[in-house]
Amino acid sequence: MKSKFLEIKELNKKFGPINALKNVSLNISKGEVICIIGPSGCGKSTLLRAINWLTPPDSGMVKLEGKIIGSENGKLSIEQSKLLNDFRARMGMVFQQFNVWPHLNVLENVIKAQIVVAKRSREVAEPKAIKILSDVGLKDKIDEWPDNLSGGQKQRLAIARSLAMDPVLMLLDEPTSALDPELVGEVLSVLRNLVNEGMTMLIVTHELGFASKFGDRIVFMDGGEIIEEGAPNIILKSPKTDRLKLFLEKLDITSLKEKH
Amino acid sequence: MKFDISYTFDAIPRLLEGAFITMQVAILGFTLSVLLATIITIARTSLRSKILNFIIAFYISFIRGTPILVQIFLIYYVLPVFGLNLGPFTAGILAITLNSAAFVTEILRGGLASVPVGQFEAAKSLGISGFALWRKIILPQTFITSIPPLVNEFTMVLKATALLSLITVVELMRVSQQIYSANYHPVEVLSGTFIIYFLMCFVVSRSSAFLEKRLKVKRA
């Protein structure tokens, strides 16, 4: 059995009467790429946001590299609250809406957290930022303002901003859903490079093509629960549950409609 | 009585001295009010305390619902009752600050509302929290969008300082009164005062356009 790198244990979250997460548990080993799929409102984004406590779960815990955040009643101890910033910085998060900072230029977007959180000097942070921005293909944009970037460039900037903190895990919440179709490719290719470098990733996505090619495991969620999980070719080709069958059929119909 | 412009020219050196005090009072009062309003804005957003929010709403509605002249007199006369003898200058600044802070708080509320929740989330996900989150990420964006109404509020403050002449702060208006009560030429003197006030406000509101343009150029 592979060692448990990230352990998610019995996460629960309610929004009013709606169960966004129902006893969700998941173990992820280092270097694994997990794609989370499911209909909208199924809790997949909530799961991602609960893992780094952006949406604090009502109960449950997350264990990353042996460090535990969370408890049975959802309250964090004082030590855990102090750890929270470091804990979050260990996990890069990429949002559907990019959320790059418009008042800082491209380079400063990637430098800011390095200085404020990781307490690096500018002399260390700046070359690192330039290196990462080159890796995502934004070297010639370092003096630009985010408002002048295309969606795909903004998302690559957001990925670079996360990578600058040397995360051991990336959480990606529908990273390509807000992009024009022709811009999806450039973001996926950056993600592909991350997969090849062995980054552990949790991706909420509708890109089944990407999921089946690069995902080690696909997790299907519905109604706040994990319904099925397994290797992509098994999950996508021979779904066991009706819910997953229905979901895949719907996706197929939409993609057919798009083609005609 | 005919208009003799030489009285205006003779008054100008002293009027400018008064204008200098007016500027000082306005800048000091407004700076303090922005500081106070910023603290109020951060406190009410991050603490989410019902009692605090009630107190703030109470304060804002009282400031907005009463004449500033009454507020100035009240602070000037009420503080000595509690043993605080501040003098007209300090009392005046305090009154201006407390008055303007209510309006600036409302301005910043609007500016803050224009910052998407995702900006907070992105910062938190990178481990930026607490005061750094405000100072590095949220406040700069809040202030950039608030520049036009803030500059407008500053011109309001600048003009409101004329009321401080009534509690004997020797600013532009008070100086004018002193001059024309000695030479009996109020029209000539006040014409000079009028133009100086206008020029100060004009420069300030032009600076708004300049600041906005500069920040937009920086970002676009």
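Modeller: Take helix α3 of chain B, residues 68-81. This is a predicted model, where local features need pLDDT of at least 70, side-chain atom pairs count only at pLDDT 80 or more, and totals for chains, interfaces and linings use all residues. Residues are numbered from 1 along each chain as its sequence is written, while chains are lettered from A and ligands numbered from 1 in the order in which they are written.

Biologist: What makes α3(B) a helix, and how does its span compare with the one expected?

Modeller: A helix is a DSSP run of H or I with at least four residues, a strand one of E with at least two, both numbered from the N terminus. α3(B) has 14 residues. The expected span is 1.5 Å times one less than the number of residues; α3(B) reaches 20 Å from first C-alpha to last, close to the 20 Å expected.

Biologist: Which residues of α3(B) are called buried, and why?

Modeller: They are Ile72(B), Ile75(B) and Tyr76(B).

Biologist: Why do β7 and β8 of chain A count as paired?

Modeller: Pairing needs at least two bridges found by DSSP. Five bridges join β7(A) to β8(A), so the strands pair; they run parallel. Leu171(A) stands opposite Leu202(A) in β8(A).

Terms used
A residue is buried if 20 or more other C-beta atoms lie within 10 Å of its own, exposed if 12 or fewer, and partly exposed in between; C-beta atoms are placed from the backbone.
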